[in-house]
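Please look over the sequence and the model before reading on.

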Amino acid sequence: QALFDALAERGGIYDLANAFREDHALDALSSFIATFTRFWASDRLVFRRLHGLAGIDPKLGDVLHARQEWRREALVALLKKHQKEGGARPTKRAVDVLYMLTSFETFDLLADDDFAAKRVAREIERLVRATLG
């Protein structure tokens, strides 16, 4: 838990609160995506190794899974906000797709060796908007 807290602090994940202060859902999603891409970029090698280790260490896997579920819950809240603004009702499938798009694995796949977190964020945002129609 302490390691994840330290990574969150160093990676600026607590800036995520700003996403929920946005007036419009799509702006909130943009902020959400930008925060997560900066977070994943803050220590990409450590995140890659933690995700790998979580597959073979059940305790680490449980901690990582619980942390990842916070991201899913946040996406549900953002999609409900989007629905109130005239967007579609958030389905489990839509949440799952956005969860996948905002994951470390997607970030790591889209980022090349000379990656720029902002470029990756723009690509993920484009995919999220396409998903939402």
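## Basis

This is a predicted model, in which local features need pLDDT of at least 70 and side-chain atom pairs count only at pLDDT 80 or more, while totals for chains, interfaces and linings use all residues. Residues are numbered from 1 along each chain as its sequence is written, and side-chain values use heavy atoms, with hydrogens and water left out.

## Aromatic pairs

Rings of Phe, Tyr and Trp (its six-membered ring) pair if their centres lie within 6.5 Å; planes under 30 degrees apart count as stacked, over 60 as edge-to-face and the rest as tilted. The count by this rule is nine aromatic pairs. One of them joins Trp40 and Phe47, edge-to-face, at 5.3 Å centre to centre with 90 degrees between the planes.

Trp40 and Phe104 have ring centres 5.6 Å apart and planes at 65 degrees, so this pair is edge-to-face. Trp40 belongs to helix 3 (residues 25–42) and Phe104 to helix 7 (residues 104–110), so the pair ties together parts 64 residues apart in sequence. Helices here are DSSP runs (H or I, at least four residues), numbered from the N terminus.

## Cluster and burial

Ring pairs link Phe32, Phe36, Phe39, Trp40, Phe47, Phe104 and Phe107 into a cluster. Trp40 is buried at 3% relative accessibility (buried means under 20% relative accessible area, with a 1.4 Å probe and protein chains only). Phe47 is buried at 3%, and Phe104 is buried at 3%.

## Charges over a ring

A charge sits over a ring if NZ of Lys or CZ of Arg is within 6 Å of the ring centre and within 35 degrees of the ring normal. The charged end of Arg71 sits over the ring of Tyr99, 4.2 Å from its centre; that of Arg72 sits over the Tyr99 ring at 3.9 Å from the centre.

Definitions and conventions: Buried means under 20% relative accessible area, exposed over 50%, partly exposed in between (1.4 Å probe, protein chains only). Helices (H or I, at least four residues) and strands (E, at least two) are DSSP runs, numbered from the N terminus.
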